[in-house]
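Let's take a friendly walk through this structure, from a loop to a sheet and back to a loop.

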Amino acid sequence: MSDTKLTQAPAHLRMGSSIGQPLTRREGFLKVTGAARYAADNHPTGMVYAALAVSSIARGRVVSLDVAAARAHPGVIEVMTPANAPKLAMDQDAKLHPFMFRMELLDNDVVRYANQSIAVVIADTLEAATEGAILLAPRYETEPARTGLDSDESFVPQAVGAGAPAAESHGDVATGLAGASVRIEAVYDTPAQYHNAMEPHAIVAEWDGDTLSIDTPSQGMAMAKDLRRNNRVSPYRAVR
Amino acid sequence: MNRFEYARPATLADAVMAGAVPGAAYLAAGTNLMDLMKGGVMRPGHLVDISRLPGLDQIEKLSDGSVRIGALVRNADLAHDLDFARRFPAVAEALLSGASAQLRNAATAGGNLLQRTRCGYFYDTASACNKRDPGAGCDAVGGENRLHAILGWSEHCIATHPSDFCVPLIAFDAVVEVEGANGHRDIPLDGFHRLPGDTPQRETVLEPGELITAVRLPADAAGFAAHARYLKIRERTSYAFAVVSAAAALRIEDGAIAQARIALGGVALKPWRARAAEAELAGARADPAAFRRAAEAALADARPSGDNEFKIELARRIVVRALTLAASGTPERMPALPASPFSGAIAHV
């Protein structure tokens with residue numbers, strides 16, 4: 001590690017393959033010294049906070065939310081639920097490009113997965129927004145969730161990943177296996193896995209006239225911009 | 001976080017009065033309470049901030065040789081008090097094996113006794129928990145419970161008490177000093193925490209509004225200083241709670257064990273004193289066979305509460321290991337990895 005240089009400049013420019021090349025993380029210096037500025041570090045004047053109320057069930061329907069209790073909490077400005085959320089400008093199931101995936105954005109009261117957003121509470125402090133979300137005290141009609149691979153109830157999606165078919169078959173597997181000289185049967189278990197983001201998931205959004213500026217961690221700037229433009233609420237406003 | 005009234009009384013008497021209000025909670029360092037409030041697990045209507053109360057941050061040597069640790073003494077300050085660490089090395093080792101450096105700098109002695117279980121179902125307000133919501137049921141039963149209790153649990157609660165500090169304290173017969181509306185009283189630590197039974201929401205014998213002011217270690221606890229260890233099995237070697245832990249201390253005279261003290265952590269809803277194991281060692285030679293007999297006795301009543309049968313054998317082995325290390329002598333210096341079975345000085349038996 002003696003040749004590690006604490007600099008923001010790349011060690012050298014690579015042409016062609018990156019394999020075997022030292023890789024300089026350009027923002028590494030800022031991050032390890034605590035100087036890096038993350039999306040959630042931005043606090044525009046007059047900023048208000050949104051907290052998501054999320055589903056505690058994995059499948060079913062939200063039958064009630066105590067919106068009055070949340071609204072009555074000091075500091076709460078607005079409570080958005082499927083009943084009053086602005087409608088999206090486009091069909092959530094339209095797959096305009098392979099990396100567009102359906103997101104549950106308060107379209108209806110259906111719960112499709114645990115921790116799905118079911119309401120948004122907006123308040124003048126993060127604490128008030130968070131408490132408002134707790135006060136919604138959702139009640140549910142619960143349906144059995146399909147959370148394992150061994151469920152009796154099969155689910156075949158139209159496509160998987162970035163649009164690949166859910167099932168593909170080549171040749172005659174049964175015959176091939178029956179005639180194989182070697183067969184290996186094994187059960188593979190994988191441990192629980194956690195998403196562990198370096199930067200907290202956060203969006204800071206600010207209107208400037210008709211233009212909406214968004215600060216958010218993203219791996220694909222252009223795609224994120226597209227997605228938000230496609231998910232825009234009417235009336236249309238520009239996203240930059 | 002819920003809205004709450006905040007008070008910072010200037011005297012102990014005022015604090016105890018403010019703490020007697022229904023729905024009040026005492027706030028010291030807040031290393032556990034703040035997390036619980038942010039998660040909506042605890043929602044006290046009144047916070048009584050005792051962190052600046054005068055006189056509770058002293059380590060005092062009393063005339064009878066016992067030591068009084070003020071409730072507001074920070075974990076790190078206690079562990080790094082040279083005189084204290086020399087007299088009670090297993091307590092210092094337990095303190096330094098807990099949490100992170102930042103938390104140890106903040107967390108208090110009194111708060112340590114009252115920290116809540118780290119059972120995931122207790123922290124997840126969407127789960128059923130008899131501690132949080134009496135009568136709701138227990139989602140840990142039949143759930144993810146490989147780290148749960150193997151001793152003293154009930155069908156109503158299989159959680160564990162997470163403290164390291166309390167484990168050697170209970171081995172050394174520590175006494176909890178308490179101040180309440182009805183005055184002062186002493187509670188032996190062994191009788192301080194309650195087993196869950198059918199009221200897991202009642203975790204200690206404290207009456208509402210009672211405040212811990214100090215923890216006292218009796219003079220004879222220092223008699224074990226030459227042979228005292230705390231060992232802790234964790235899923236990583238720092239900043240993790242014990243899967244199982246053990247405090248072991250011996251008084252060895254003429255090659256035989258005159259007296260043994262053994263306690264376990266991470267096995268029950270209270271720090272677990274293993275008196276049967278201690279009796280097994282009285283008068284015995286300090287050898288592997290005796291240590292194994294002691295370990296068997298310590299875990300004789302253990303039974304799995306779920307996917308945690310492995311903890312029973314793990315606890316036996318850590319009792320043997322802690323006794324072995326204690327017998328070989330308290331290290332001159334605090335191990336670089338306190339309480340870790342990987343930190344050198346592994347005795348050969």
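B:Ala99 sits in the loop that links α5 (89-96) and α6 (101-106) of chain B; helices (H or I, at least four residues) and strands (E, at least two) are DSSP runs, numbered from the N terminus. This is a predicted model, in which local features need pLDDT of at least 70, side-chain atom pairs count only at pLDDT 80 or more, and totals for chains, interfaces and linings use all residues. Residues are numbered from 1 along each chain as its sequence is written, chains are lettered from A and ligands numbered from 1 in the order in which they are written, and side-chain values use heavy atoms, with hydrogens and water left out.

Most residues other than glycine have a negative phi. B:Ala99, however, has a positive phi, and so does B:Tyr239, which lies in the loop between β9 (228-233) and β10 (244-253) of chain B.

| Residue | Phi | Relative accessible area |
|---|---|---|
| B:Ala99 | near 50 degrees | 30%, partly exposed |
| B:Tyr239 | near 55 degrees | 47%, partly exposed |

Now to the sheet. In chain B, 5 strands make an open, antiparallel sheet in the order β4-β5-β8-β6-β7. β4 (59-61) and β7 (183-188) of chain B are at the edges with a single partner strand each, so one side of each has no neighbour in the sheet. Two strands pair if DSSP finds at least two bridges between them. Within this sheet, β5 (residues 67-70) and β8 (residues 211-217) of chain B are antiparallel partners over 4 bridges, and B:Ile69 faces B:Val215 in β8(B).

Definitions and conventions
Buried means under 20% relative accessible area, exposed over 50%, partly exposed in between (1.4 Å probe, protein chains only).
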